[in-house]
Amino acid sequence: MIARREARRPAPHRDIGAHYVRSSYSPTVLRGALAASVTPLLNAGSELDEDAFEPLVDFFVAAGLDGILALGTAGEGILLEEAERRRVADLFLQAAERRLLVAVQCGAQSTAETVRLAAHAAEVGADAVVVIGPPYFRL
């Protein structure tokens, strides 16, 4: 005899605009104007320009922005090494000094690397992480 499974009811959802989330999930909503920041680089992109992060963030603050996205497509995040990406997150958060919201793009070539980057972003105080699925082929 085959036992019948009880049908599971889906978790209740609530409408938050065009998106639906499980009611047990309480997202942090970033509000205001956020810019996708470049990543300051030197020597044709071969190294981080660590001295340029603070003036760049000061520029964003003076312009009236509410936050930034670090390491997104404008910041070439997917092309940097994992250690460089961690350092970039650190530098943006240090420069922002809570004057701006900082979201860090953590999507990577593998799920494991994505998880490590997201954990690091959370540990150093990022306001949010942005994640893309790993690509089908190595970049």
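Predicted model: local features only at pLDDT ≥ 70, side-chain atom pairs only at ≥ 80, totals over all residues.
Local features need pLDDT of at least 70, side-chain atom pairs count only at pLDDT 80 or more, and totals for chains, interfaces and linings use all residues. Residues are numbered from 1 along each chain as its sequence is written, and side-chain values use heavy atoms, with hydrogens and water left out.

Start with the sheet. Pairing requires at least two DSSP bridges between two strands. β3 and β6 pair over three bridges. One of the bridge pairs joins Ala-35 to Ile-68 in β6.

Now turn to α2. Its 15 residues, 82-96, should span 21 Å at 1.5 Å a residue, and the end C-alpha atoms are 21 Å apart, which agrees. The expected span is 1.5 Å times one less than the number of residues. Its buried residues (under 20% relative accessible area, 1.4 Å probe, protein chains only) include Glu-82, Arg-85, Leu-91 and Phe-92. The buried residues pack against β5, α1, β6, β7 and α3, with contact meaning heavy atoms within 4.5 Å. Glu-97 follows α2 with a positive phi, near 45°.

Finally, Asp-49 sits in the loop between β5 (47-48) and α1 (53-62). Asp-49 touches Pro-40, Leu-41 and Leu-42, not counting residues up to four places away in sequence. Asp-49 is buried yet has no salt bridge (a side-chain nitrogen of Lys or Arg within 4 Å of a carboxyl oxygen of Asp or Glu). The nearest side chain of opposite charge, Arg-87, is 11 Å away; Lys and Arg count as positive, Asp and Glu as negative, and His and the chain ends are not counted.

Notes
Helix = DSSP H or I, 4+ residues; strand = E, 2+ residues; numbered from the N terminus. Buried < 20%, exposed > 50% of the residue type's maximum accessible area, 1.4 Å probe, protein only.
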